[in-house]
Amino acid sequence: MLRSFAFLFLLPLSAQALELAMPLGLVQSSESEQGLATLTLPTGVWDGSEVPSISLTGQITTATFHAPESRKPNVVAAAIWPQLEAQGYELALHCADQTCGGYEFRFTLPVLPPPHMFVDLGDYVFLSGQKNNTHGLWILISRSLSQTHVQLTQVRPSGAPKSQLSSALPTSTSGFLETDLNTTGRYVLSDLTFDAGSARLDKASFASLQALGAYLTRHSDQSIALIGHTDSSGSHEANLELSKQRAEAVRSMLLRQFPQISQTRISCEGIGYFAPLASNATPEGREINRRVEVILVPARP
């Protein structure tokens, strides 16, 4: 579970509203509420003629969230579900795109249209859960080329406390490199991906590095530090070395693609596993923690 919501101290489950901290920079983009209505809650995948479901009646709330960066839907799901489980929800269904039933499954759901929600029929994850036979919810997670999209639809008994939805610690503030560097002095290069135990970048080009190269070209007097991070697998010494190698790999790719940038403007450091963004207890959390961040370095007088 992301450390940013580890502080939640749960009241008795029957009395407390659902508290959900959306991870990875997701912010709420819409919300609507119905009075007494019935929610059809999928409990199985498309079987060729229908989606097995149950019906729950109560107050229905639908909310959408988005993040200005593309994240794997299963990584987002892995950061959301432990919160629900901790608050008494039992998993009814967890499936992905074609396993769910693809087009047929998706179009049984009352999904909000763009721009509130976008669904890639070949790249989505669905979760549904139930608590005490009175509370239910489903979550649909997908992504586009440059954004992550989430819809949460839930039902609760009439008069029950309304859910408390918030944003967890984001990987960046606005999601735009130049904005975040100018306002906070840091930015997570979240589209970079490293295999466990490796400093090798798995693609020849990344959008975040193109944005960083363009930023440094425009701001020719600005220097930066690239800070490498690891998950918690392995020894302290090995992770410190690996984290610096990751920063150096990013520096090498950046300078290769932007030869006009002086190498003296880019330093590299590694801090191992001491600043995780997610729990190291899951594969998805460890993937998030294997990253490189950009820090602005003050200009020398």
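Analyst: A charge sits over a ring if NZ of Lys or CZ of Arg is within 6 Å of the ring centre and within 35 degrees of the ring normal. Arg 106 lies over the face of Phe 107 in this way, 4.1 Å from the ring centre. The model is predicted: local features need pLDDT of at least 70 and side-chain atom pairs 80 or more, while totals for chains, interfaces and linings use all residues. Residues are numbered from 1 along each chain as its sequence is written, and side-chain values use heavy atoms, without hydrogens and water.

Rings of Phe, Tyr and Trp (its six-membered ring) pair if their centres lie within 6.5 Å; planes under 30 degrees apart are stacked, over 60 edge-to-face, the rest tilted. That rule gives three aromatic pairs. One of them is edge-to-face: Phe 105 and Phe 126, 5.0 Å centre to centre with 75° between the planes. Phe 105 is in helix α3 (residues 102-106) and Phe 126 in strand β5 (residues 124-131), so the pair links parts of the chain 21 residues apart; helices (H or I, at least four residues) and strands (E, at least two) are DSSP runs numbered from the N terminus. Both Phe residues are buried (under 20% relative accessible area, exposed being over 50% and partly exposed in between, with a 1.4 Å probe and protein chains only). Together with Trp 138, Phe 105 and Phe 126 form one aromatic cluster.

Strand β5 belongs to an open, antiparallel sheet of six strands, ordered β2-β3-β7-β6-β5-β4 (strands pair if DSSP finds at least two bridges between them). At the edges, β2 (27-42) and β4 (90-96) each have a single partner strand, so one side of each lacks a neighbour in the sheet. Strands β6 (residues 135-143) and β7 (residues 148-156) pair over eight bridges.
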